[in-house]
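Trainee: I am new to this structure. Could we go through how some of its descriptions are reached?

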Amino acid sequence: MCGRLGPVSDTDPYLWLEDVTGENALTWVREHNQPTIEALTTSSRFADLEAAALEVLDTDDRIAYVRRRGEHLYNFWRDATNPRGLWRRTTLEEYRTDSPEWDVLIDLDTVAADEGENWVWKGALVLRPDHHRALILLSRGGADASVVREFDLRTRTWITADHGGFELPENKSDISWIDEDTVYVGTDFGDQPDGESSLTNSGYPRVVKRWSRGTSLEEAETVYTGATSDVAVQAMYDDTIGFERHFLIRSTDFFNQEFYELADGEPTLIDVPTDAHTSVHRNWLLVFTRSPWNLAESGNDTQDQSESTYATGTLVVFDYPSYLAGDRTGTVLFAPDDHTSLQNFSFTSAHLVLVTLRDVQTELRLLSVTDWSVSELSGLPELATISVLDTDPDHSDELFLSASSFTTPPSLLHGSSTDGVAPIKQSPELFDASTVSASQHFATSDDGTRIPYFVIKRDDVSQGPTLLYGYGGFENSMTPAYGAISGRNWIARGGVYVIANIRGGGEYGPTWHTQAQLAGRHLVYEDFASVARDLVDRGLTTADKLAAQGGSNGGLLMGVMLTSYPELFGALVCQVPLLDMRRYHLLLAGASWVAEYGDPDDPEQWEFISKYSPYQLLRADATYPALLMTTSTRDDRVHPGHARKFVARMEELGHSVSYYENIEGGHGGAADNKQAAFKSALAYEFLWEKLGG
């Protein structure tokens, strides 16, 4: 569980805290949990915060989001009665009613009780087109690693290995259907003929095999073997009728991949930029560029030289068979500008649906697949964040969309790309937003770049305790969305809530992210600090009343704010963080993020990483804001040793810190709604206590 522990140049007295489930490490965890629990969970306010959060998570009035699989709509549901959850299905006709009848396929609480396991649902892969078999992924305590089991939807029974079922033990496996009797599988197969592990240094499969029913895993046929330095290798089968194909993706790092078609077991490389987002649908090859693409350097350039380079953030489509033959004649489906970027795209039978952001505001457009002409989708609400939840591109123009805003609870829209959509489900208002408004502002970062951020507050609040949230990494965009828990436990109580759209995200396309990778990482932190200063300059808050919160990569952001910008904040909540950037690549999935942060074993790259790595920058003579550090023992993505060691080092240097580690919970920090509500209430209680109200 410690990950790949290699040599380091610095002596670290707290390496023993990287032993995730070691007796000494867990004793340290419990000794640090208890004072935090005693200090933060005994007040009536904490009880109110926890109850409010749990009511949001457990309410039966929230939307049961669904995914179509054949004639049924499937949903996974947790509530107070079913804390582990129900996997269930219904029909569209029934789903449209106020109280649909659900056909429960798996009661995970019953399964967990019968087996004495702390199962957490991780997903279901249903076989098409008959939809009578499923591969079920279950995690112990919420970790990324899952067991895989086969389930018969007709008999409602598990198909065990001794009866020919596909089963895998706990691992970060990848598995997908080819047909009823065959799957592609990547898992821990043990050492390979080349003497290397079957897993990459990041802990994901590098070997893909074709596994037939009735044979042992050891008999599965090897399809492809990547390098241990890769992030992962994955094979998949496209079962689109008339366009059945096999594909393989070799991810050489987090942002680069080689895309192959498998024909007769032999991989043929599709010659596209490795950093592009590439997909094949029917006879179309779609390429979304993440850097400038000069077509003259790829195959036979059949276009004019002036048209042979596509800018970063462009979506272009080609005829797939022609492209493989060397023809590079493409059609631009989306071109970015300084304010607008493409976030994602999906197909219906008749249209390509593009979701874009213009200054972090959602826009949606339709492109006809016959001639790529543009049209608008009718029935969309104004000033809402729109997300495409599900489509059925092989059979219909059906669309399931979600719409929400900071002050409007989510609605589920249903319809088609040809006839428009309309709401069929509406979430209840879970806090009083009648006097709450959201506004967008721009701060100026150190290099002059305008950084957008949203402020959400009650209209009668002009200044007060302010919570600034940020992430800033991996091209993840922070878009407006309804926050029922923050609305109840922060905004409705008079707090100001702020979302920062800093670089590292994807709000303005790939370049908004790529300029903040590696040596440009400092831009993320300069942007966030500029928003913090702007909030004070606008008079919304003061430094001692300003807090910040972030998790995972956002937890690294909090660590940098603590060590490099402590004067800007009164309190910080740092959750499941990366903090020791000297060793992050040696711990669990850390090696997969070298393309984002850099390689600390490379002296030139350590030079820029060392300038912000929080663990190494802690000082005894510094004055730090109040800190709540939370993590999870079962997080097998970001190692809990980051948080543990950071707290131990702070205490060694004479600084106080509140620490809480959930023994379960995975990377999300919670394994069920009750744990999630507790974790949320802990953070808000800490913030109200430190900032006042």
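**Reading a helix and its surroundings**

Mentor: Gladly! Let's start with helix α13: the elements covering its buried residues include α1 (23-40), α9 (553-564), α12 (614-617), β38 (626-632) and β39 (658-662). Keep in mind that this is a predicted model.

Trainee: What makes α13 largely enclosed by the rest of the structure?

Mentor: Buried means under 20% relative accessible area. In α13, 9 of the 12 residues are buried, so the helix counts as largely enclosed. Among them are Gly641, His642, Phe646 and Met650.

Trainee: How do you know that the span of α13 agrees with what a helix of 12 residues should have?

Mentor: At 1.5 Å a residue, α13 (residues 641-652) should span 16 Å, and its end C-alpha atoms are 16 Å apart, so the two agree. Just after α13, Gly654 has a positive phi of about 95°.

Trainee: Why is α6 called roughly parallel to α14?

Mentor: Their axes cross at roughly 30°. Angles under 35 degrees count as roughly parallel, so that is the name for this pair. The crossing is right-handed. On the α6 side, the contact is made by Ile485, Ser486, Asn489 and Trp490; α14 brings Ser680, Tyr684, Leu687, Trp688 and Leu691. By class, that contact has 6 nonpolar, 3 polar and no charged residues.

Note on methods
Residues are numbered from 1 along each chain as its sequence is written. This is a predicted model: local features need pLDDT of at least 70, side-chain atom pairs count only at pLDDT 80 or more; totals for chains, interfaces and linings use all residues. Side-chain values use heavy atoms; hydrogens and water are left out. Axes are lines fitted to C-alpha atoms, for helices over the stretch in contact, and angles run from 0 to 180 degrees between N-to-C directions. Helices (H or I, at least four residues) and strands (E, at least two) are DSSP runs, numbered from the N terminus. Angles under 35 degrees count as roughly parallel, over 145 as roughly antiparallel, 65 to 115 as roughly perpendicular and the rest as oblique. A crossing is left-handed if the near helix is turned anticlockwise from the far one by less than a right angle, and right-handed if clockwise. Contact means heavy atoms within 4.5 Å. Ala, Val, Leu, Ile, Met, Phe, Trp, Tyr, Cys and Pro count as nonpolar, Asp, Glu, Lys and Arg as charged, and the others, Gly among them, as polar. The expected span of a helix is 1.5 Å times one less than its number of residues. Buried means under 20% relative accessible area, exposed over 50%, partly exposed in between (1.4 Å probe, protein chains only).
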